[in-house]
Structures are given as C-alpha cells and as structure tokens.
Amino acid sequence: MSDRQEKMRQSAEKLLRDGEVGYVIGWGATRFCDRTTPVFIDSPEGAASLVWNEHAVNSLAKYLLDDKYPDKKIGLFARGCESRAVNRMIKDNQVKRESLYLIGVPCDGKSSDRCRLCRERNPLVYDVLLWEPEANAAPADRFERVRGVEAMSPDERYRYWGGVYDRCIRCYACRNACPVCSCRECYVDMGRTGFQGKQHSRSDNQIFGVTRAFHVGDRCIECGECERACPMGLPIMGQTQKMLKEINELSGEYECGLDADSDSFLGRFDLDDKDEFM
Amino acid sequence: MSLTEGFEPKIIAFCCNWCTYTGADLAGLNRMKYPENVHVARVPCSGRVNPQFILRAFQKGCDGVMVCGCHPGDCHYSTGNYFTRRRFMLMKRMLEYNGIDPGRFHARWISGSEAAKFRDTVAEVSERLRKLGPNTKYREALREGADAGKGGAGI
Amino acid sequence: MELKKDRLLEALALLREGSDVALPLPADDGGEPAFRLWDGVQEPFLGSNTSLPPKELLFPRSEGMYGYNLKTGELSDILPEARTAVFGIRPCDVKSIENLDHAFLEKGYVDSYYRARRDGLTTIALGCSEAARTCFCDSMGVAPGDAPGADLMMNDLGDAYSVKANTEKGEAVAKLWEGLLSKGGAKAPAAPACGFSVKADDSLPDRLTARFDDPMWDSLSKACIGCGCCSFICPTCYCFDIGRENRGACGTAFRCWDSCMFSDYSRMAGGHNPRPSKKERLRNRYLHKLAYFSQRYGATLCVGCGRCIDKCPANLDITRVMDMMEGVDANG
Amino acid sequence: MSRIGVFVCHCGTNIASVVDPDRLTPAAREMPGVVYAADYRYMCSEPGQQMIKDSISEHGIDRIVIASCSPRMHETTFRKMLKGTSINPYMLEIANIREQCSWVHADKGRATEKAIGLVRMAVSKVSKNEPLYAQSIPITKRALVIGGGIAGIQAALDIADAGHEVVLLEREPSIGGKMAMLDKTFPTLDCSACISTPKMVDVGAHPNIRLMTYCEVESVSGYIGSFEVAIRQKARYVNHDICTGCGLCETKCPVKVDSEFNLGLSKRPAIYKLFPQAVPSKPVIDSESCRMLKDGKCGICAKLCPLGCIDYKDEARTVTESFGAIIMATGYQLVDWAAMYGEYGGGRYRDIISGLQFERTVNAAGPTEGHILRPSDGREPETVVIVKCVGSRDPKKGKSYCSRACCMYAAKHAHQILEKLPGSRVFIFYIDVRTPGKGYEEFYDQTRMDGAVYVRGRISKIYEEDGGLVCQGEDSLLGSQVRVRADMVILETAMEPSQGIEGLTSMLGAARDANNWIQEAHPKLRPVETQVGGVFLAGTCQGPKDIPDTVSQASAAAAKVIGLLNKSEMETSPMISAVERDKCSGCGACVGICPYKAITLQEIDDRLGAKRIKREVASVNSGLCQGCGACTAACRTGALDLLGFRNGQILEEVDALCL
C-alpha cells in the first residue's frame, strides 16, 4: 500500500512544483489510525502529508463545488466514485472539466459499507493514471434492500420509514455530502416558497427524505456517501435506489455518472413510455 | 356501521386547464352529477404539477390526490404531459413505497371532450377513498402521539 | 449507600410511578442508541455514551412556543409541564446541562420553556467505567467518575452501583429507593483516563481569540462540508430558529434546532452574510466552544464528550485546534 | 396583509338554486384577508361589474375573488373590467362554483360546503397574487391557409382583399376541393362550378395570394405572430413556370389509372390535370403510375411537350416560411361505406354508388358528360333508390353524429334524377329529413312535388337479383316490410375528417374532439379559433356542415386573421415563467423541458466575495414562453416559477383546502 502512497505524494509534489495546479485534494491522517480526513495540499512539501490506506473512505469530489471559479486548475485524486461524481457535476454544469486535473487512482476497496455497492473501482475519466486498474469486485445485489421494503405491506412500510424519519435530526449531512445536490440554495432552506417547514416533525422529515430522493433519484451515482455521512445511520440509499429500480424497469438499464453528457430520466421523454394513466 | 361510515374524503385534483378542466366544465354543461369530495385546482398544464405538491397535500390533510391532464399527444403545449407521465410514474411508486395506500394517489388522462370519463373517475376515486378511510399518514409530529410541546422532550 | 445491579429495573420502575423516566435505550431497528422515554420493560443501553445527547430532554429538536389567531388577535402560550427523571446520564452530559443552564437561565433572560423542563428534570448520573476512543472529558475539567452537578451520582462497583445524593431532588430519589438500597457503596474504583489529552487551560480563550486571523483556520475548515451534524449531536449546542406553521387564520410559532455551520444561519436580508464561507463558520464554532462562552460565563462550553469527532462525516476534530495552539499538530 | 374583495354571482338561478349565496357570502367575509364580500344576480353583467368597481374604490380593495362560472368563460371579461380600476387585471382569481359545483351537485348543503371550500382556495391563492404586465410580440403580416377547398379559397380571398399576403396550401395538384366535384348546389340549384371556379381563378390571379399546390406541411414551430412552417413541395416533374397547360402531354400518355377526382368512375393518364377547370391549370406527373419514373421506359410526354416543361429528375423540396396566423381548412372525406356495411354488398355491386360518385355522374364535366348512367352497363336507370344516413347517426357501426348536409343533397339528387330522366322513379329511404336552412324546407317540398317517394325506414339489406338491386327495408310509418327493385342505388354516406388530420393537428398543437374533428376553442364564444393562439379553423374540418355554413365560417376565420394581422404587435399573456437569478445554479435541468425552446443558459457577471466571476443562469424568452410551467416542476430549488401560478400560490390552495 505504501508504494502507492509514495506515487501519490510524488505526483502531487510534481504538479505543485510545476505550478500546474493551485492545490491538490487528497486524504490525510487524523488522530485515529483508522480514519482519514480530506486534505488540501497547496505546497510541494505538504504532499508528504498525503495518506493512502483502506480507511481513505471520504469521497472528495464534492469539495470542487466550494471553489467553482478557481484561478488555477484543481488537482483531485479520483477513484471510480470520484470520477462518476465529476461526470455528474460536469453534466449539471457546476464544474468545468478544463479546470480540473484528475489524478487517477484505481481503488482497492475501502473499509466502508458504501463500498459494498461499488460497481466501478477504476476512474472513468482522468488526466494521469498512477497504477494499473483494479478488477471490480462483484457488487452486492443492487436493489436487495429495496426489494426487502417492497415486500412489506403499506402499513409495515409506513412504520419502517416512519421509524427512520423519527430519528432524522435534519442535519443535512446527506445533502451536503451528495455530489448530485448542487443547488445554490436548497428548497428546504427557503421557508417562503412553502414546500417544506423547518419544523422537525416526522412528516416534515418524511417529506424531506422523499423530496430529496426525487430530486437526485434519476441522477444518483450510487456512491453511498449520504449513508456514510448520516450520523444517525439512516438507510437513505433505500429511497434513491427505489427511484433507480423503477427507472430501470421503466426504461431499461440505467446508471448515472458513467459519462458527462447522457440526459437524466426526468429530463427527457419517449413517445412510447410505459403509461398506466389511461 | 363500518369504520368509515359518514366519512367524506377530501380530495384535491390538479387539472390541466386545456383538457381536464374543460372536460370538467363540459360535465357541468351537461349537468352530470358526481360526489362533492373533489376540489379542482387549475394548472396551465399537468406538467406544471410539481410532485412535491402531492407530498404537501397529504401532509396538510388531503385523503386523496389526483393529477389529470391531456392524453399524451394532445397536450396544448405538445410535450407537457410526457414529462408528467414520467414524473408521476415514479412519484406514484415512491408514495406507495413509503407507505401511502395504493388507492390514494391517481393520475389520469382526461381530454376536453371526455366529460363522462371525468365524472366516472371522480365517482370512482371518491368511492374508493370512502372505503379506505381518512389518511393519517404523513401528518404526525415526531414519535406517534409524542407531542413536542408536552413533556418527554418530544423524543 | 449501594444499589444491587439486579434491582436496578425495580428501582427505575419505582421512579416511573412519580414521573416519566428517560434512559439510554438501544434503537428498536438497529439504529443509534439514544435517550428515550422508558416503556418500563426495555433493557437500558449502558455500554457507552449515546450518540444523540440527552439535551433533547431539555431542548427538543422542535417545540411549540405559542399559538395565535390572526382573526381574533388571540395569543396562547404553550408551556411544557414535564416531570422527567433521567438515569444513565454521563458526567460530561451533566456538565453540558450546567452549560445549558448558563445560556438559558442567566444574564438577565430566563427561557421559560427551558426553565419548565429543567425544573421538572431529575438527573441520576452514572460514572464511566471506561472511556470511548474519542472521549477527552478529563482535559476539559470533567471527572469521568464524578458529576457534582447531578442530583444523584451512581458509580458502577461491579455487582452494584454506589448511590450518593448531591441535591434535595437526589435525596428524594434516595428516599424513594430506601427499601432497595443497602449499606456499602465504598469508594468507587478509580475512574479511567481518556485515550488522549489536550491542553485546555484558562489562557486558551485569550490565546485562541488572539489568533483570529491566523491562516490555520483555512486549513482546519477546508474539509468541512457545512452540515449541521456536529451542532445537533453536541450536548452544548443550543442555537435555535423560529418558524411559524399556519393553518388558515390560526397557527403556532415553534422553535427548532439550528446550526451555525449552515450557510444561511447568519445570512441577513439583502443577502449579506458576515460569515460567508466555511472558514468563518468553523472558526466561530470553535471559538464559541473554547473561548467566547468561557469569556462570558466562565465555563468552557465544550465538555469533551467527543461526539462531534466520532460523527463528523469529514472527520474534523476540534481537539486539533488545541494541539495547533501548542505548536503540535497530531495530524502532522 | 392583502385587502381581498369576494363577489359571489347567482348566475340567475344557475348557481343560486343549489349553492346558497346567503351562506357563502358571510362565510367568505370570515376568511383571512377578506375585507368585503357581496353577491349579485349577474356578476358579469354591466351593473354587476359596476358594483365590483364601486366596491373596490369604496373599500380600498387591492385584489378580488369572483365566485361564478368557469374562468374559461369570463376570466378575460373580468380582467378587462379591472383595467378600468386601480387594480392590476391579474390580481383576480375565479372560483368555479357553477360548472364544477352547482351544476354537478344536487345536495344543497354539501354543494354550498364545497363552494365555500372553493372560495377559500381562491382567496388563499389571490393573497399571493402579484401585479403582472403584458409583454408584446411582433406579428408577421402573412397568413397561411391549409386546404384549398371552398373554405380555404374564401378565407384566402378575404384576407388577400384586406391587403395581407396569403399562402394557400393544397395537397392535391389543384385547388377546388370537394365543391369542384359537385354538379349543382342546394337550395338554389345553381351550378357548383359557376360559384367555385370564378373564385378559383380569382385566387390564381390575386396579387396577394401565393398558391402552393401539391404541397404538404412538414413541420410547424414558433407561436402566434411568428410561426415557422416547413412546407414540402412534392415533386411535380413539370416545370409550372413555363407550362401553359395546353394539355398535349395528357393526350398521348399510355398509362390509364383510376381517376381520384372521378372517384374511380373513369381513368386518367399518369400526367394529368385534376379536372379540366383546375387551378393552376397545369398537369403534374403521378410518380406511382408513370412508366418513365417507375421503370425508366416511355418519355412520350417529354417528347410531345413543345416547351420542354417535363423534367423527370425533379425532386421534392422543403421551403420554410414564416407566418403570423394559420387557418386550417382541411375539409372532409366520405367514410368507407363498403368496409362499414357488408349488408349493402360491401362494394361488390358497381351500381351502388356514393353521393359524390353520383355528383360526378350527373356533372356535365364528369365521366358521363352529365348523363345519369349505370356504372355497370351504362344504361339509364328507371328506378333509383337513395339511402340516407349511411354511416351517420349509427354509433354501433358508423359515426354517432349527423352529417348535416346529406338530407339536402339527397333531395337535390332526387330532383336531378327526376329532371334528367323523365318517367324514372326515385325512392328515398330516410330516418328524418332535416332542412334547417333558408329555402331548405321549400326545396324539400318541391322535390316531393316532383314525385320523389320518401319512405321512412332504414334499408337493412341490398342484394342483386336478375340484373336489378333489391333494396329490402321497412317502412316504419306503414309498419311493414318494403322491397324495392332498383336499377341504381345512391348511398348518402357520412363525412369524416380528411386523412392525415392527426399529424397536422399535433404539429400545430391543436386538439381534436372524440370523432377527430378539430376542436374549436368554444362552440359559441370562439367557434373559428382553436386553443392554440394564432391557429384558426374553417369549414368541415371542424365538423360536418354544408357550403353556406362553410363559406360563412371561412369569412369569419378570415376576419379573425385580418384583425390579428392589422396590428404590428400583439400583447402576450404575462403568465409566463420567470427566473430568480440568485437562486439559479445554472444546472440547465429546465432547458431541455421547454417545448418552445424558450429557456437558454445565459452568462452573467456576478461577485463571489471580492472576486468578479461569470456564471451561467437560466433566462426565459418572454416571447416564446407560453406559460405551461413544465420547466418549473423540473427546477429543484424553485428558482424558476410560473407567474400567476407560483409554487407559493398553488401550495396556498392546497393548504386552504385542508383546513
């Protein structure tokens, strides 16, 4: 593992020394050996603090949205999930490909449940690739949890989701960790439009949960960051993956973030779409 | 005396101005009769109906929600209802996935000349909701019954 | 005095006759354990501290403040009349309640809602037998084994709990449990030390505020994703927002948790925001926890429970700023 | 807080008989924001409107709710009324308590309860209304008329006479439509050609009319005032600029195919004029039947043509033109009776012909030069049976509607037969005889005087028996079976929309009714308009009618177009989408939704802290946007909202309903 870490440090150091990027986003150590935190290296010497181990779990792509108009290119270590997030943000017109320098680092599987769902370890888009692509592990059954909930009766389902949204504390970590959530101002922060109250009640939490799933469902890249970020361990992906399962059934194989130009399901239509409203 | 005897469901129907609203007016012109439960909210096109309105309607107290528009191909704005179709094919499933009883949300294509279809749809939905009873879901404070105001800190 | 462990549930049931009893209970569907009203049956979760703090007993996520009627102009107050006893609250959380008391009850303004809940609360503290990885309460002036601020202090002696009342409320509970208590309750075993320690002496507030414009805030805050997670699970965060819920002519005003880390927390009419980016917000949060509160109330707001370190999605760590103040950065 | 005025209309007894105004008006007074509520018998009448205007100034009202009939009826009326007051015309909401309440509910108490709910919804919505101001868009002073029958011709002439440019588009090689096929027209029995051919010549010669025959509409984009229409000119293989129409080429063409104009009663060559009086009187080559075009052999017409007009290499061309208004005059076609009614022989008996085929037979320019002869053996028939309502008024096997004109032209056919074949006998089998026009009843009486025998009853079966056609039916007045041996049978078949109407109407966005006729905006209020702004209709494309009605509708539609083209600019509805720039993240989710391509991403200057940046936001072209709102539902953050139907307004309606 350490020679890969060394390669990362060297490539970051070289980029910063050549002045090709303003700063490089990677992982750094924390007080605890089994946790890493995103670091923003802006000097060649700083590259020494880069870390690469099985605990480099955070997805780094969303930080690009904090600096959408950089003076110089931004360096970003990109695994499969980062590259899909970058494709997503490019398609959503939030980030320009030319303002990024993507350092491809094929992923070897990290110590988080979100990696269970991983279907693409290798970066789909990069400027340089530091080592050979990794073989993709057989991903867990994509819609297993969704089928579990679907099997319940309406009341059971309501009790299940009701229990989940009783525990939601509306900290919006799921929204702020999600690369698809790139609005300038979230609808939930705008009390005036009246879609949603600020009140922490089960019904307001439910409405936030379903609304966010509806907003991101047809563009979700299934990176699992939302569930990893949730302090209360709520099954947030259970909602977005229901959307993806339905889209798969309605219009065939559907996966997001694999490229930077295909339209999202709700952004287009087919004349012979399935219709049950006759 | 079934639980829902004398219960009058409250139903909101988002109707597109060019087709279903016209059909509803036509039902009026022909003096057709249908139950009083459905209140029509006029929208320029069924494509204007934001799926979040449905969540809001259930939260605020509606027992049933309908979204009605032109038949695909007849939309006054040519493609509005194609988007409606996709949006509500998904939202209908999301609602049921989250526990809303399957009979509570309906989307239907009703054209300007299908006055009878409007009457029959309204009658059918009202009857079905009368049997389903009032909607208690999506309206609770935190834990069932735990009122944030009185003691126990609403946890 | 001493309470045998196998008689604990009995004692709590006795308590439950007089008032609600809140315990740290495991979530029923595998989620995070939290303080909830006890149904009289469920086994409490006493392994370690809960991820959601007991602050909800005093400052719920959302509570009604007053009702109003626009047509008649009538106002109706919504005062909670809660009588709750909480068992299993840890020393750091007891200290956090003291800090909340400062904020809500002192300096000339008494929050009537907090007051009502606080008066109705009896705290039965339980000393920690071992520290979690992220705990650093002993660096923040909190003894893991003792909670002077609690009404009743209990420590784990192995097969029983020592019982020591600190206040009249504590004595009332001790009296209620008279039948169950037995002699003994010798000195509790030495409280464990936290896994790591940081320097948080009296000069920290001034030293911190002196470095207001230090570039360290930039590097500290870059990784923050601006969510409200650290604020909402912090036992001593007490900020709230006020909203209204209208139903025709009448409605209720409510207050709910708010976080200074949100982008719109300090945004003013017209769009100006004195804390426009994450850097200002994180700096403001750390300074409030470690400096401003002690400069105003004389007690450091952060009680070292380590919840924010444990739960931060980006693994930020408040203790890192204290290390940086000592010129040492554990993160290198 | 808004100061709302609520005005409840009785609509005579239409509303007041079911919804109790004395309960509704006080209930409205209690609603939040309402400062004044009153009711009156006819709110849309002059005194009603005056009462509203007075109350507005008297009570300082800043927005009003009118509980009355459907907004589709009088929203524009009440908006015009508000123009005369201090209130912006869009500070108005209408609660539909007639068509959707009093007319459809019987129980007084519950209907009033619902009316109160509807008014509460309107009141809560109007509290969030804001003043809106109309925009104006340019008008291209050119009209397009689709369909060259008498309707299209009349409309084109009227518009051209008013000084505006017109393009008359016709799918067939010549204009004239169905009227050109007819011999005489009722009730005056003047010859059809004497009315239509002069108009056709006028059209051909009119400086303001550009005739585009053998052309079809390929696509339509844009909106009222600036339609962009792609017109596909089918390949004619004859250069009409040089051709004088001498007809030499037609004489030697070896091909003989069924003449569509004569409905198969005669043959025509591959290079042909639709009929002798065709306008333009120049032939086209039918690529399906021309041997040269199909197998590359022949070429006689090219050799014969003195001016060398024939060009076998000609190709279809598409040309795009812009128009301010479009009139649809696409006419009708007769139903395929053979497929509908096997009982009438299903087309096996050649002597059973349709009304139009009889028109061609009796027409002097027709295949039989006007002699009424049996198509099978060319003999003059002695006994003719005319069967009416074939396919009409028959919901089970045919069309449910009455085709309006057949009663009169059946009488005309009978008159023509009796006049041309003295001593012949004519039996007319009818359900009813409908003569609703001026001079129609007298014409029908005269026909009966001439000896036409009207038998009330339907023909159930026609079969051949030793050279004659036995029509078996019943005479419901005598209550007995009737069998008539006829030499020839004329079936007066139902009208249906002309083939291809679905494609054209979807291109234009116009709706069709249950029988595929084009749906007029409102039968009484806007009979010659469609729901699409700038798209009008005339003639049988809107529904079966006779020539007098068709011509008057054509002039009506022309008047509407002239009214539109006289203005150089036109006010557009201000209820269109609007973007709040500081909320818009420029994600572009809305751009692909708009059917009118009204939304584009536009770069604006902005400030991020102290840094100057350029960022993209959505921007709505107010001229193109038609206000459907499909984009607003795609905007997750609510930056894009529809003026007049804002998210906040609709949510208020939802909340109000749930009190």
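This report describes the chains, domains, sheet, cores and interfaces of a predicted model.

Local features are given at pLDDT of at least 70 and side-chain atom pairs at pLDDT 80 or more, whereas totals for chains, interfaces and linings use all residues. Residues are numbered from 1 along each chain as its sequence is written, and chains are lettered from A and ligands numbered from 1 in the order in which they are written.

## Chain D as a whole

The C-alpha atoms of chain D occupy a box of roughly 90 × 70 × 40 Å along the principal axes, and its secondary structure amounts to 18 helices and 34 strands. Helices (H or I, at least four residues) and strands (E, at least two) are DSSP runs numbered from the N terminus. Of the 659 residues in chain D, 50% are buried; a residue is buried if 20 or more other C-beta atoms lie within 10 Å of its own, exposed if 12 or fewer, and partly exposed in between, with C-beta atoms placed from the backbone. Two residues count as in contact if their C-beta atoms, placed from the backbone, lie within 7 Å; among contacts in chain D between residues at least 6 apart in sequence, 71% join residues at least 24 apart.

Domain bounds come from an automatic or database domain assignment. Chain D is divided into domain 1 (4-126), domain 2 (142-331 + 538-565), domain 3 (332-496) and domain 4 (577-642), and the C-alpha centres of domain 1 of chain D and domain 3 of chain D are separated by 55 Å.

## The parallel sheet of chain D

An open sheet of four strands in chain D has the order 2-1-3-4 with parallel pairing, where two strands pair if DSSP finds at least two bridges between them. Its edges are strand 2 (34-40) and strand 4 (92-96) of chain D, each of which pairs on one side only. Neighbouring strands of this sheet are turned by 15 degrees against each other on average, direction ignored; axes are lines fitted to C-alpha atoms, for helices over the stretch in contact, and angles run from 0 to 180 degrees between N-to-C directions.

Strand 1 (residues 4-9) of chain D runs parallel to strand 2 of chain D and is joined to it by six bridges, with D39(D) in strand 2 as the bridge partner of V8(D). Helix 1 (residues 21-29) of chain D packs on the sheet, where it touches strand 1, strand 2 and strand 3 (63-68) of chain D, and its direction makes about 165 degrees with that of strand 2 of chain D. Helix 3 of chain D also packs on the sheet, touching strand 3 and strand 4 of chain D at about 150 degrees to the direction of strand 4 of chain D.

Strand 3 and strand 4 of chain D pair in the parallel sense over five bridges, and V65(D) stands opposite E93(D) in strand 4 of chain D. Both faces of strand 4 of chain D are covered, with L92(D), I94(D) and N96(D) buried on one side and E93(D) and A95(D) buried on the other.

## Cores and a buried helix

A nonpolar core is a set of buried Ala, Val, Leu, Ile, Met, Phe, Trp, Tyr and Cys residues joined through C-beta atoms within 7 Å. The largest nonpolar core has 294 residues, and those with the most contacts inside it are L76(A), V6(D), V65(D), A67(D) and V119(D). Leaving aside neighbours within four places in sequence, V119(D) is in contact with V6(D), L24(D), A28(D), V65(D), A67(D) and A95(D). A second, separate core of 131 residues includes L182(D), I209(D), C389(D) and V489(D).

Helix 12 (residues 355-362) of chain D is mostly covered, eight of its eight residues being buried. Among these buried residues are Q357(D), E359(D) and R360(D), and the cover over helix 12 of chain D includes strand 19 (332-334), strand 20 (352-354), helix 13 (406-420) and strand 27 (488-493) of chain D.

## Interfaces

The contact between chain D and chain B takes 42 residues from chain D and 42 residues from chain B, and helix 18 of chain D contributes the largest share of the chain D side, seven residues. The contact between chain A and chain B takes 30 residues from chain A and 33 residues from chain B; helix 6 of chain A gives the most to the chain A side, with eight residues.
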